[in-house]
Amino acid sequence: MTKIMKIPENLIIENKIEMIKETPAILEAANLLHQGEVVSFPTETVYGLGADAANAKAVKKIFKAKGRPQDNPLIVHITGEAQLKKIISSSLNQKVQKLVNAFWPGPLTIIFEKSGLIPDRTTAGLNTVAVRMPSHPVARALIEKTGLPLAAPSANISGAPSPTTAEHVFKDLKGLIPLIIDGGPSPVGVESTVIDVRGKEPQLLRPGGVPLEAIESIIGEKIDRTVKKTNKEKPISPGMKYRHYSPETPLFLIDMDNKNFEAILKDEYKKYHKIALVLTSEKVDKMKRILEKSANWTAEQINIVNIGSQFQVDVIASRLFKLLRQLDEEDYSLILVETIPEKGLGAAVMNRLHKASIQ
Ligand code: TXA
Ligand code: MG
């Protein structure tokens, strides 16, 4: 049985962490976590599936519930620098200190050398640990109440789009976990940026909720846009394709600024009988005019879905996973998504869409 317990919305809006700590949802969750159980909780990025990061048996339950490959390490969530010092073995270099001051609490995950408190199960055998301090008042209240560092991946079945509401978590993990704390929709909507600044050159491991441009201006250095892989991130067996963030319905990307856009649409996608075409607001009217004039398409065949203005990428990010899940529930044979510039949160949005489009 999976229970959903709601935190009153006004406590979240008013950031009343001390009061959130005493709600029945947090008390029950803290109890479960101390017993070595897993609990799903909201963060500002996406919903997480948490367990005591120092308890290998508890962490094992996360991998089991999600069906996550054992070689993919978890992020550890903390609330303060005192807690950080317990789980890492290195001191903070200048760059890390700047990043911590500028972006914590918030959607930035930083790689550190781990201390003996963190078992191999949490880091998938790596001697480093990924750490983030979430800003969501419910996540903060939960970590403070338990006093535990919480290992938490996104609370979806491995491979599916990440959950941004308690309902998404319920759909994926019902019957597999005891409790979901409902704190309303996650405002950022894409996962944290993961970065390693231990070496000379900063290494981007995943673009996310903190734009690279913001990180660059804080550390005063350019960051290579190529996403580096940890040696643990390979697909688990040769021939097994790496699926991630994927709806069941095939998803492809299309460049609406390409001059041959109409021909590409016709040649490559005509065979699909029902298409969801996800566009930025700026392209919706252009596409409607094309469809009206076109002899190739009927209105039933292509449904235009407006994801928001290309000038408000944060709004697009906040809607992305919810929209992918929603379209997947309707009977489309294809989801086609317009590419957007990889600037600001656009880099995280396009990274998730590229991964979702690998079938
Ligand atoms: O926003 C987020 O980060 C969310 C919320 C719940 O906090 N969590 C999340 O976790 O997205 P997950 O497990 O879905 O993604 C963790 C990412 C993976 O790409 C993993 O490979 C990387 O972080 N990672 C974790 N530990 C690492 C380490 N020690 N070295 C390199 N990469 C690591
Ligand atoms: Mg994930």
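Contact here means heavy atoms within 4.5 Å, and axes are lines fitted to C-alpha atoms, for helices over the stretch in contact, with angles running from 0 to 180 degrees between N-to-C directions. Helices (H or I, at least four residues) and strands (E, at least two) are DSSP runs, numbered from the N terminus. What you're looking at is a predicted model, where local features need pLDDT of at least 70 and side-chain atom pairs count only at pLDDT 80 or more, while totals for chains, interfaces and linings use all residues. Residues are numbered from 1 along each chain as its sequence is written, chains are lettered from A and ligands numbered from 1 in the order in which they are written, and side-chain values use heavy atoms, leaving out hydrogens and water.

With that settled, helix α6 (residues 94-103) lies across β5 (108-113) and β9 (193-196), at about 150° to β5. Both strands belong to an open sheet of 10 strands with mixed pairing, in the order β1-β8-β2-β3-β7-β4-β6-β5-β9-β10; two strands pair if DSSP finds at least two bridges between them. At the edges stand β1 (3-6) and β10 (203-206), each with a single partner strand, so one side of each has no neighbour in the sheet.

Now look at β2 (residues 39-41) and β8 (residues 179-182): they run parallel and are joined by 2 bridges. V39 sits opposite L179 in β8. Helix α9 (residues 166-173) lies across β1, β2, β3 (48-52) and β8, and runs at about 165° to β8.

Next come the helix pairs. Helix α3 (residues 24-34) packs on helix α8 (residues 137-146) at an angle of about 50°, axes 9 Å apart. That makes α3 and α8 oblique to each other (angles under 35 degrees count as roughly parallel, over 145 as roughly antiparallel, 65 to 115 as roughly perpendicular and the rest as oblique). Their crossing is right-handed, meaning that the near helix is turned clockwise from the far one by less than a right angle, with anticlockwise being left-handed. From α3, I26, L27, A29, A30, L33 and H34 make the contact, and from α8 it's V138, A141, L142, K145 and T146. By class that gives 8 nonpolar, 2 polar and 1 charged residues (Ala, Val, Leu, Ile, Met, Phe, Trp, Tyr, Cys and Pro count as nonpolar, Asp, Glu, Lys and Arg as charged, and the others, Gly among them, as polar).

Finally, the axes of α13 (residues 313-329) and α14 (residues 346-356) come within 9 Å and cross at roughly 30°, so the two are roughly parallel. This crossing is left-handed.
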